[in-house]
Every structure is written in structure tokens, then in C-alpha cells.
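User: I'm new to this one and would like to know where the labels come from. Can you take me through a few of them?

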Amino acid sequence: MTIAVVMPAWNEAEGISEFITELHDSLAQWEPTFFVIDDKSTDNTAHTIQGLEASGLPVTVHTNVENLGHGPSTFRALQAGLRTKADAIIALDGDGQFIGSDVNSVVSTLFSTGADVVEGVRRSRNDPLYRQAVSAITRTLVWSRARRWPVDANTPLRAYRPETLEFLLGRIPDSASTPNLLISAICRQAGLTIIELPVRSIPRRGSDQQGSTWKAKSKSLPSKRFVKFCTQAAREWLSTKPGTHRSSSPPQP
């Protein structure tokens with residue numbers, strides 16, 4: 001069995017080398033290859049990954065021509081994984097908020113069961129109240145479409161069988177701001193076999209545990225950028241009807 005590990009990244013130069021190296025060691029039994037979509041970082045993210053490649057790690061980085069945002073970069077990363085023809089595609093974010101041994105458990109669960117998707121349910125999170133409220137809303141949104149409650153609707157850590165991922169990508173727009181949320185709904189609408197596996201959530205790797213994505217001045221209050229993103233995502237959710245894109249048939253067992 002082989003796996004492709006894919007991730008979007010933006011300004012993760014400080015922590016991404018440690019993260020990929022840890023994943024490579026933890027997942028060695030499946031001969032992992034790594035694909036990073038660098039969303040036109042303003043730091044040395046791409047250069048850092050190229051250094052890993054030069055050292056012999058099986059990692060490739062592609063830098064977007066312009067900053068597209070987390071959603072489209074996630075979609076591109078998933079597409080890259082699908083093209084590898086690996087036996088499974090493992091998706092997560094480049095901020096390093098997972099532990100290699102937990103990712104190993106997610107992969108092992110996919111291969112040892114008949115699941116179509118394994119979702120890593122984040123535990124030990126220390127989010128401010130407004131982030132907790134958004135998480136509760138995302139769970140409700142998925143339920144409103146699928147009538148099934150996800151434990152962690154927007155988790156970035158997921159393991160897919162290739163035929164499952166091909167089906168899912170065919171049902172969402174490549175420009176979606178929240179592809180993981182749409183995938184949560186589609187999986188449940190389609191009656192796919194989903195296993196939700198608890199995993200640890202750790203602070204972002206690097207000296208700045210918050211990162212610069214949302215430019216937050218306070219840990220307890222949402223930034224204007226975060227509010228704008230949520231507003232845009234809500235509009236997309238209301239206007240997007242999963243299943244109207246390139247594929248409509250669920251994967252066959």
C-alpha cells in the first residue's frame with residue numbers, strides 16, 4: 001500500500017520542515033509521497049520545502065501564481081494527490097497541528113476497515129468562544145443538508161480512498177472557500193462509510209502559534225478578515241448545490 005500526503009500551506013516556513021519530516025517517519029511503512037500547494041507565501045515556505053526535497057525526502061511543492069486562499073489551495077492539493085494513483089490520499093493543513101502517530105492511526109483505520117473516508121476529529125482544542133461558535137454552526141450546516149451530525153465538520157485531517165476522492169471532487173467547485181465543509185456534507189448525503197477518529201490538536205508549529213492568516217489582534221475577538229471570510233463562506237454555502245458538477249454517482253464498494 002502507498003499513500004500520498006497533501007497539504008495547502010501559506011507562510012509556514014518555520015514549522016513545515018519539522019512537520020513533514022515527522023510525518024515521513026511516522027508513515028514510512030506506506031512509502032509516503034508529499035505534495036504541498038504553497039499559496040504564494042510571503043516567507044520562505046517554498047524554499048524550505050525545496051530544501052527537504054534536496055535532502056532526499058519525497059516531497060514536491062507547487063506555488064500558486066497568485067494567492068488563492070485556503071479553499072482553492074486545498075482543492076488543488078487533493079487533485080495532486082489523486083493524480084499519483086496512490087492507494088490512499090491523506091489530507092491535512094501545513095500548519096503542523098497534528099501528531100505523526102495520530103495520522104498513522106487515521107491511515108491504518110482506512111486500510112483496516114471498509115471505510116470510504118476517515119475523518120480526524122480534533123480533540124484538546126483551545127479555541128476562543130467565537131471559533132467554538134463557528135464550529136457549532138458548521139456542524140448544524142452539515143446536518144441541515146445530510147441529516148447526519150458530524151463531530152468535526154471542518155476538520156482538515158482526512159484519509160480518502162482514491163475512488164471516493166474522485167467522486168467528491170467531482171461534486172464541488174474548485175474555487176470553494178470551504179471544501180472540507182462541503183465534503184463533510186456530501187459524504188453524509190451520499191451515504192458513504194465514514195469513520196470519525198479522535199486525534200490530538202496541537203498549537204501551530206513555529207514561534208507564532210496563531211499565524212498570520214486572519215491577522216487577529218486579539219485571541220478572544222474575531223478579526224475583520226475572519227468575519228469577511230465567514231460571510232463569504234456563508235454566501236457560497238447557500239448558493240452551492242453539491243452534486244451539480246462533474247460527477248453524480250457514489251463510488252462502488
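User: What makes the charged end of R145 count as sitting over the ring of W237?

Analyst: First, a word on the model: it is predicted, so local features need pLDDT of at least 70 and side-chain atom pairs 80 or more, while totals for chains, interfaces and linings use all residues. Residues are numbered from 1 along each chain as its sequence is written, and side-chain values use heavy atoms, without hydrogens and water. Now, a charge sits over a ring if NZ of Lys or CZ of Arg is within 6 Å of the ring centre and within 35 degrees of the ring normal. R145 is 4.0 Å from the centre of the W237 ring, and its charged end sits over that ring.

User: Why is the pair of W30 and F111 called tilted?

Analyst: Rings of Phe, Tyr and Trp (its six-membered ring) pair if their centres lie within 6.5 Å; planes under 30 degrees apart are stacked, over 60 edge-to-face, the rest tilted. Here the centres are 6.1 Å apart and the planes at 50°, so W30 and F111 make a tilted pair.

User: And what makes W143 and W149 stacked?

Analyst: Their planes are 20° apart, with 5.5 Å centre to centre.

User: How do you know whether W30 is buried or exposed?

Analyst: Buried means under 20% relative accessible area, exposed over 50%, partly exposed in between (1.4 Å probe, protein chains only). W30 has 7%, so W30 is buried. W149, at 47%, is partly exposed.
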